[in-house]
Every structure is written in structure tokens, then in C-alpha cells.
Amino acid sequence: MVRRHVFPALRLIVWAVIAVALVKLAFAGTDVTAQATGAQPTGTVTDRTVEVTTGTVTNAVTVRGSVVADPSVPVRATLAGTVSKVLATEGQRVEAGTPLLEVRQETPQEPLTRTDPTTGETTVTERRPKVVVEQVTAPVAGTLTLPTLKDQVVAVGDTVGQVAPGTLSVSGTLTPDQQYRLVGAPAEATVTLKGGPAPFTCTGVRIGAAAGAPGAEPEPAAEEGAPASGTLTCAVPGEVTAFPGLGADLEIVNGTAADALVVPVTAVQGTVQRGNVWVVAEEGAEPEERAVGLGLTDGEVVQVTEGLALGDLVLEFIPVPGGAGEVDCDDPAQYDPAVCGG
């Protein structure tokens, strides 16, 4: 009788108590704990500091790019007139300065009028037009495209042909940070081709406008997430075997400073020439903003040329306006789980 009626009833009571306890913990556990202990979530953020140290800074910038064929150079007419002779043929290999065609310009001249002083008779003599002939030459060496025909009328500046130089360059895009770090860069870069020969030196480094800017040529896309602000291009030497479309990395070393005073880039507001750091004079004191001179950077540390001394303490991260000091856990904008307890 006891097993059949009493035990099942006790079992139901136990399960009911457990269910009520679980519901209470799920919906009111946090409040109950807080009310029982009287604890309130408060906390402060301790600013991390670093010492000014010495080190060697090498400003080496690596740019991702690709091999591109150098664009054709237009052949332009330098005289308005009529094409009197075509001196080269379509597809011909030409050298710089090779005559390609002749343009003839005829300018009519006013007739000469003479009056006989004795008889008063007037004589009009027609004059031949003034003729100027000018040769148009190839601007560079390469393969010629010449669609212009004999007797075609051209104006000054008209494109009468194209010369494809057949040379290659390596081109990539620059982020604003890279462009600043390459101010005053040398005219050489070290290029590594993907799956190609050993790294080689390319010359004639040129920094220009980013793709889409006035006068800019299409360039490879910038690294994902980094807006492009400029382009970097240099010539591939003729003895290097390469093909358009190959991926490439360009590395330019724009200076090295040995035994320089350095701090992390995270500690400096600004990256070029001038910046601000926050100096901690003594433990517990408020950080003091100080202007400093900046030199080379490798992307992790930056050289300080003036404003700091070896061993000075600075904040490792520049202060965020309104984010320093005590954390108000009741303010959603300042809530920090590490300080406010979850």
C-alpha cells in the first residue's frame, strides 16, 4: 500500500520543488544574488604604460601588385595639313625617332600687285602657296600601329598611330599609411614574382594617383579593407622573364635608424613628422599630453626624434575621449564586461 500510493506522491512533490527552484533561478537568480549580497558592479580601468626604449627601425614597405604590359604610346601629328607620304607599315618594329609619315601644309599667299608709275597700269602676279613639310617620328621603340592613310587631313595633336613598347612593369596600389611612409623613397624596389625567378631589382619607381583619379590608369585592387590612395609602379628589367597578370610583391626600404628612441605606434597620435603622446610623470598621476617629433616607422614602433627621453613612461594606447577613468556600468556606452562583471 505504501509503495503503491505514498512513494509516487512523494516523488511528484520532489519534482515539483525542483521545477519551482529552476524557474526561480532562471528568472530571478541574478537579482536574488545581488539583493542578498548587496554588491553593485563597479570598476576602474587601469591605463597600461610602456617605457621609451632604443632600437633599430627599418622603414620597409611591401606592396602587393602584378605584372602589367606598358601601355602603347600615341604618335601625334605636329603639323596641320595633309599626309603626303606614309613611310612605315602596320606592325613594323621601329626605333625611337624612326620617320613614320610626312605631313604637307600649304598656305595660300596674297598675289603681288604692281602699278607702273608711268602708265599707271596695274599688274597682278599670283604667288605659289607657302609649303611646309614635316616628318612625324616614333616617340619610342616598339611595334607600330598606323591606321593613318595618304592624303588624310590631320590637325596638330591628332593621334595618327600607336607604338607598343613591349616592355613590362610591376604595379600595385598604396594605402594612405604606405604613401606617407614612402615620402622621399628611392627609385629602386625589390620585386618577387609569384612562381617566378629569384627576386630582382626594378628601377624607375613611380608613385602616382590612385585608380579613378584624374589621369590615373587602371591598377590592381588595393588590399581588402584598405582604401587605395596612390599607385606604385616600376620597370621590369629586359633580362627578366615575366608575363602580364603574374602576381608580385614590391618591397622598398625607405631608410634605417639605429639606436633610435622608439615607442609603439599605438602610443602615438599621428604617424608622420609630428605627433602626440601621453606621458605619465609618476604612478597615479594624470597623463600629460606632449607633442613629439616622429621619424621612421616599421608599422609596429615609431622613432621619436624629439620630445621624449630614454626611460620616460607613456600610455601604451592613446586615450579615447570620454573613455578614460572610472567606468559607469549603468551607462550602456561605457559598459565593459571585464569591469562590470559579465
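Which residues make a nonpolar surface patch of about 420 Å²?

1. **The patch.** Val14, Trp15, Ile18 and Leu22 make this nonpolar surface patch. Patches are built from residues with over 30% relative accessible area and no salt bridge; like charges are joined within 9 Å, and nonpolar side chains (Val, Leu, Ile, Met, Phe, Trp, Tyr) within 5 Å. Isoleucine 18 sits in helix H1, residues 2–37. Its relative accessibility is 37%, so isoleucine 18 counts as partly exposed. Here buried means under 20% relative accessible area, exposed over 50%, and partly exposed in between (1.4 Å probe, protein chains only).

2. **Basis of the model.** This is a predicted model: local features need pLDDT of at least 70, side-chain atom pairs count only at pLDDT 80 or more, and totals for chains, interfaces and linings use all residues. Residues are numbered from 1 along each chain as its sequence is written, and side-chain values use heavy atoms, with hydrogens and water left out.

3. **Overall make-up.** The protein has 3 helices and 23 strands. Both are DSSP runs numbered from the N terminus: helices (H or I) have at least four residues, strands (E) at least two. Of the 342 residues, 27% are buried. The protein exposes about 21200 Å², and carbon and sulfur atoms supply 55% of that. Accessible areas come from the Shrake-Rupley method with a 1.4 Å probe; for residues, only the protein chains shown count as cover.

4. **Contacts along the sequence.** Take the contacts (heavy atoms within 4.5 Å). Among those with a separation of 6 or more, 71% are between residues 24 or more positions apart.

5. **An open sheet.** Four strands form an open sheet in the order E4-E13-E11-E6, with antiparallel pairing. Strand E4 (73–76) and strand E6 (93–94) stand at the edges. Each has a single partner strand, so one side of each is left without a neighbour in the sheet. Two strands pair if DSSP finds at least two bridges between them. E4 and strand E13 (residues 159–164) are joined by 4 bridges and run antiparallel. Valine 75 has glycine 161 as its bridge partner in E13. Strands of a sheet pair through backbone hydrogen bonds, either parallel or antiparallel.

6. **Salt bridges: Glu316 and Arg48.** A salt bridge is a side-chain nitrogen of Lys or Arg within 4 Å of a carboxyl oxygen of Asp or Glu. The count comes to 7. One of them joins glutamate 316 to arginine 48, with the closest N and O atoms 3.2 Å apart. Glutamate 316 lies in the loop between strands E22 and E23, and arginine 48 in the loop between E1 and E2, so the pair ties together parts 268 residues apart in sequence. Arginine 48 is exposed, at 55%.

7. **Asp249 and Lys194.** These side chains meet in a salt bridge of 3.0 Å, N to O. Aspartate 249 lies in strand E18 and lysine 194 in the loop between E15 and E16, so this pair ties together parts 55 residues apart in sequence. Lysine 194 is partly exposed, at 46%.

8. Arginine 290 forms a salt bridge with aspartate 312, at 3.9 Å between the closest N and O atoms. Arginine 290 lies in strand E20 and aspartate 312 in the loop between E21 and E22, so the linked parts are 22 residues apart in sequence. Salt bridges that share partners join Glu288, Arg290 and Asp312 into one network. Arginine 290 is partly exposed, at 25%. Aspartate 312 is partly exposed, at 22%.
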